[in-house]
Amino acid sequence: MNHDLARGLSVAWGLPEFRDGLRHLVDLDEVTVLLAALSGPDRDGEVERSLLGLLRSGLATTEVREAVLLLLERDTVRRPLVAAAVEPLADRPARATAITSATEDPAVRREVRTMLDSADVRELIWQAVDRQVSDDRFGLIRRAAVLFVRHPSARRLAWALRRHGVLRELRRRA
């Protein structure tokens, strides 16, 4: 699992507003145990698979997905998450600025919501995640291409990210 994703999940879980917003929808103890195991030095593939399974089932559940998206609309939740996500990018300030700018754009958030509201798109995203976890680079690229070709929301999101310079900064070497 991507270390930055795990860190972002831990930061989100540390925000009382985030936990309170999901308290009635998910088992808080299960998430806490998984995040603690994932942050440890001896994390294993089983813990990662469990957390990915929990994320997948959470995003498939309309109530959980809506709760998370609504929480991310709140500045008090989104901004600390973004700050934690860009913190490791101190040596790449342009990339951090581009990502921060994109997350503050309501059009970008609207396209993310549109994509996550589609079961087909979510399935393609999870297939891509599975390919990445399996180190199947060709499969990952293929799933991403299918997503981009079949779903206009993916193209609109890519253009929005391009406007903010995110794609340019991701291509740039360290």
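Q: How many salt bridges does the structure hold?
A: The structure, which is a predicted model, holds 14 salt bridges.

Q: What makes arginine 79 and aspartate 75 a salt bridge?
A: The closest N and O atoms of arginine 79 and aspartate 75 are 3.4 Å apart. A salt bridge requires a side-chain nitrogen of Lys or Arg within 4 Å of a carboxyl oxygen of Asp or Glu. The pair is therefore counted as a salt bridge.

Q: Why are arginine 79 and aspartate 75 separated by about one helical turn?
A: Both residues belong to helix 6, and they are separated by about one helical turn because they are four residues apart.

Q: Why is arginine 79 called partly exposed, and why aspartate 75?
A: Partly exposed residues fall between the buried range, under 20% relative accessible area, and the exposed range, over 50%. Arginine 79 has a relative accessibility of 42%, so the term applies to arginine 79. Aspartate 75 has 36%, so aspartate 75 counts as partly exposed too.

Q: How do you know that arginine 78 and glutamate 104 form a salt bridge?
A: Their closest N and O atoms are 3.3 Å apart, and the cut-off is 4 Å. The distance therefore qualifies the pair as a salt bridge. This pair links distant parts of the chain, with arginine 78 in helix 6 and glutamate 104 in helix 7, 26 residues apart.

Q: Why is arginine 78 called buried, while glutamate 104 is called partly exposed?
A: Arginine 78 has a relative accessibility of 5%, so arginine 78 counts as buried, the limit being under 20%. Glutamate 104 has 28% and therefore counts as partly exposed.

Q: What makes arginine 156 and glutamate 111 a salt bridge, and which parts of the chain does the pair tie together?
A: The closest N and O atoms of arginine 156 and glutamate 111 are 3.1 Å apart, to be set against a cut-off of 4 Å. Arginine 156 lies in helix 11 and glutamate 111 in helix 8, so the pair ties together parts that are 45 residues apart in sequence.

Q: How do you know whether arginine 156 and glutamate 111 are buried or partly exposed?
A: Arginine 156 has a relative accessible area of 40% and is therefore partly exposed. Glutamate 111 has a relative accessibility of 12%, so glutamate 111 counts as buried.

Q: Which residues do salt bridges that share partners join into one network?
A: Asp75, Arg78, Arg79 and Glu104 are joined into one network in this way.

Q: Why is arginine 109 called buried, and which residues does it touch?
A: Arginine 109, a residue of helix 8, has a relative accessible area of 16% and is therefore buried. Leaving aside residues up to four places away in sequence, arginine 109 touches Leu72, Glu73, Arg78, Thr103 and Glu104.

Q: Which residues of helix 7 are buried, and why are they on the same side?
A: The buried residues are Arg95, Ala96, Ala98 and Ala102. They cover an arc of only 165° around the axis, so they are placed on the same side of helix 7. The buried residues of helix 7 pack against helix 6, helix 8, helix 11 and helix 12. The face turned away from the buried side carries the exposed residues Pro93 and Thr97.

Q: How does the span of helix 7 compare with what is expected, and what is the expected value?
A: Helix 7 has 12 residues and reaches 17 Å from its first C-alpha to its last, close to the expected 16 Å.

Q: Why is threonine 100 called partly exposed, and what does it touch?
A: Threonine 100, placed in helix 7, has a relative accessibility of 31% and therefore counts as partly exposed. Not counting residues up to four places away in sequence, threonine 100 touches Val82 and Val86. A polar atom of the threonine 100 side chain lies 2.8 Å from the backbone oxygen of alanine 96.

Q: Why is aspartate 135 called exposed, and where is it found?
A: Aspartate 135 has a relative accessible area of 70%, so it is exposed, the limit being over 50%. Aspartate 135 is found in the loop between helix 9 and helix 10. Its phi is near 60°, a positive value in a residue other than glycine.

Definitions and conventions. Residues numbered from 1 in each chain as written. Predicted model: local features only at pLDDT ≥ 70, side-chain atom pairs only at ≥ 80, totals over all residues. Heavy atoms only, no water. Helix = DSSP H or I, 4+ residues; strand = E, 2+ residues; numbered from the N terminus. Buried < 20%, exposed > 50% of the residue type's maximum accessible area, 1.4 Å probe, protein only. Contact = heavy atoms within 4.5 Å. Polar contact = N/O pair within 3.5 Å; in protein donor to acceptor, adjacent residues only side chain to side chain. Expected span 1.5 Å × (residues − 1). Arc of directions from axis to C-beta.
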